Amino acid sequence: MSKKKKSKGLSTVETGLNVAMKAVGPYVNPFVNPLIESIVNPLADKLTETLEERKILVTVPELCANGFPLSTEQATKILTDCGLKIMLIELPLKEAEPKYKDCFVNQVIETQPKAKEKIEPGSTILVKYITQEIIDESKRLYTENEHKKILESQKLYELKVKKVQEKANLKAKKAELKAQKVQERLEQKEIKTQKRLEQGEKIKQTSTDILDTAKKKTNNIVSHLHKKNDIEVKMDETEENSST
């Protein structure tokens, strides 16, 4: 393991301890030295950690806030003023997205470490920025996506129209079937009514025929009775004439 870099304060403490150890070394039992070292070394390590924690850190500034775009030139000045170094990196063409279509050339879009992180002074910040090539590709992707959206919208519209037409056709068929059934019922009723009328006419004709037949029979009977009566009257007259 690599040794930790010791601070100026720690070196002063260790120097003092070493001087004290050398001064009392000849008069201290050799078995006591390891014991003293076992106490001093942890104290030294703890002091190192404390001093490291108390180092002054720098907060990474915000270089790509929404609504406040910065150029690489502006970002360089801000980072330099903060005591930080900068490494500019072009955004690769494969990472172009429609959201970059309205950016300007050399606009900062990302930093590593990110904003608000604590880092040591003099650290290097990786800064990604936009090029004209990225802007052109992003515009192309945006246009392509919009065209796809329009096609999808047209397809959805056509599907909706098709569904509406299918529903309308279905309703029309149902209405047609209903009208056909109503027409069939009316025709059936008309047929039944016609049959009833025909049956009524037949019954009427039959009744008329029966009445005519009865009248004829009655007339025949009456005629027969008149003839019989006439015969009897003549016979009676003949008998009277004979007796006289």
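User: What pattern does the protein follow when read along the sequence?

Analyst: Helices (H or I, at least four residues) and strands (E, at least two) are DSSP runs, numbered from the N terminus. Read in that way, the protein follows the pattern α-α-β-β-β-α-β-β-β-β-α, with four helices and seven strands. This is a predicted model, in which local features need pLDDT of at least 70 and side-chain atom pairs count only at pLDDT 80 or more, while totals for chains, interfaces and linings use all residues. Residues are numbered from 1 along each chain as its sequence is written, and side-chain values use heavy atoms, with hydrogens and water left out.

User: What percentage of the residues of the protein count as buried?

Analyst: Buried means under 20% relative accessible area, exposed over 50%, and partly exposed in between (1.4 Å probe, protein chains only). Of the 244 residues, 14% count as buried. As for the surface, accessible areas come from the Shrake-Rupley method with a 1.4 Å probe, and for residues only the protein chains shown count as cover. The protein exposes about 20,300 Å², of which carbon and sulfur atoms supply 57%.

User: How many salt bridges does the count come to?

Analyst: A salt bridge is a side-chain nitrogen of Lys or Arg within 4 Å of a carboxyl oxygen of Asp or Glu. The count by this rule is eight. One of them joins K77 to D81, with the closest N and O atoms 3.1 Å apart. These two residues are four apart in helix α3 (residues 72-81), so about one helical turn separates them. Both K77 and D81 are exposed.

User: Which side chain meets that of K99 in a salt bridge?

Analyst: The partner of K99 is E97, at 3.9 Å from N to O. K99 is exposed, with a relative accessible area of 56%, whereas E97 is partly exposed at 34% relative accessibility.

User: Which residues are linked with R140 in a network of salt bridges?

Analyst: The network links E137, R140, E144 and K148. Within it, R140 forms a salt bridge with E144, the closest N and O atoms lying 3.1 Å apart. Both residues belong to helix α4 (residues 132-243), where they are four residues apart, about one turn of the helix. R140 counts as partly exposed at 41% relative accessibility, and E144 likewise counts as partly exposed, at 32%.

User: Over the face of which residue does K101 lie?

Analyst: A charge sits over a ring if NZ of Lys or CZ of Arg is within 6 Å of the ring centre and within 35 degrees of the ring normal. K101 lies over the face of Y142, at 4.5 Å from the ring centre.

User: How many disulfides does the count come to?

Analyst: A disulfide is a pair of cysteine sulfur atoms within 2.5 Å. The count by this rule is zero. As for individual cysteines, C82 is partly exposed at 28% relative accessibility, while C103 is buried at 16%.
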